[in-house]
Amino acid sequence: MKKILNHLLLLTAIAAVFNACSSKGTTIETADDAVLVKQQPVSVINYAPTLEYSGLIASTSEAKLAFKITGVIAKIYVKEGDHVAKGQLLAALNMTEINAQVQQASAGLEKAKRDVGRIKNLYEDTVASLEQYQNVQTQLSVAGENLHIAQFNQEYAQIHATEDGTIIKKIMNEGEVASSGTPVLMMSGNNNSDWVVRFGVPDKEWAILKAGDVADVNIDAYPATAFKGVITKIAQAADPASGTYEIEVKVLPGDKKFAPGLFATLHLTTTAPEQVTMIPIEAITEGDGKKGFVYTLNTDNRTVTKHAVKIAFLDNNRVAITNGLENITQVITDGVNYLTERSTVKLVKN
C-alpha cells in the first residue's frame, strides 16, 4: 500500500512539472504571436497653419444710391450691368411738385424782401418800431434759407454716378414712389484697388489672424491665374446672426477684369504661429472627424495603453492634437491597426 501511495505522489509531481512546462510553452507562443510595432516621437512645434476660406469678390466702393426726398420715379436711365461715368445722370424724380416748391420758396423770398424795404422806410419815419424792423429781417433770412432747401432738394431729386463704375442692381422701377433714402440703384466702383473678398471666421481663427497676413487667391473665372491678397480689415465684434467675425482681404486683379460676385477660394498663411502637438498620421486609429485614438507602449515594453485624443487639423502626413497626449513622448505608428488594449507587442527599433 505504501508503494502504491509513493507511486501516486510521483505521478502527481510529474504532472505538475508537465503543466509547468506547458504553461511556459504557452508564454513563448504568445511572445511569438506578438504584434510587431514601431514608435515615433511626439513633437511640440511652432506652427503657422494655412487656413482655407471662400467668398465672393466685392468692391469697397459699392454704393446704394437713393433720392434725398420722397417722390415718384420719372425715369431710370440705366440697367443692370451698364458701365457709367462719374457724374452721369442715372435716375430722376417727377419734378412737378419739386419745381413748385422752389417757385413757392422763391416767391416767399421776394415778398420778404419787399416787407423789409417797406418796414425799413416806416422805421426811418419812426412809424414802425425797431422790433418790427428786426422781425421782417428775420423773416427775410428764413425765406432765403427755405429757398436754399428747396433748391437743394431739387438738385438731389436726381441720382448721379459718384464715380466710374458698374450698375450691379436696379432695386426700384419707374413709376414707383421712392421714399427719402430708400435705395434705388446699387453701383460698384471700377477702381482696380477696391476689390475685396469678405468671409466669416470662428473665434479661434480670428485670434490668430492679423492685418497684413498674405493670402493666395484662386478665382473660378480665371483657373490658370494665381492672385495675391492681403488682410486689410478684421471685425472686432462677431456677427449676431452667424457668430463669426468678418475678415476682408484685398485682392489686386492685375490685368484681369473683376466683377462683383466672382467666386474666390483663399489660402491664408498666418504670421502668428502657435504651439501645437504633432504626431504622424499613421498613429491615429478609429479616427472620426475631430476624435481618434492612439496607442503607447507601456514600461514593460510588451503591453500597450489606448488613449483618446482630440484632433485639431491635418497637415500633410501629420496630425495636430489639442488634448489627450499630455506627458506622452512617443506613440505607436507601425502595427497600430492590429492592436487592442489586450495586445502583446514586440518593439521593432527604427
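First, a definition: two strands pair if DSSP finds at least two bridges between them. Strands themselves are DSSP runs of E with at least two residues, numbered from the N terminus.

Now the background. This is a predicted model, in which local features need pLDDT of at least 70, side-chain atom pairs count only at pLDDT 80 or more, and totals for chains, interfaces and linings use all residues. Residues are numbered from 1 along each chain as its sequence is written, and side-chain values use heavy atoms, with hydrogens and water left out.

Start with β4, residues 50–59. Which strands does β4 pair with? One is β17, residues 263–269, joined in the antiparallel sense over seven bridges. Within that pair, L51 stands opposite L268. Another is β13, residues 195–201, also antiparallel, with four bridges. There, L56 has R198 as its bridge partner.

These strands belong to a closed barrel of six, in the order β4-β13-β16-β15-β14-β17, with antiparallel pairing. Neighbouring strands of this sheet are turned by 40° against each other on average, direction ignored. For that angle, axes are lines fitted to C-alpha atoms, and angles run from 0 to 180 degrees between N-to-C directions.

V214 faces V230 in β15 as its opposite residue.

Next, β10, residues 165–170. Two bridges tie β10 to β7, residues 83–84, antiparallel, and H83 is partnered with T166. With β12, residues 183–189, β10 makes five antiparallel bridges; here K169 stands opposite M186.
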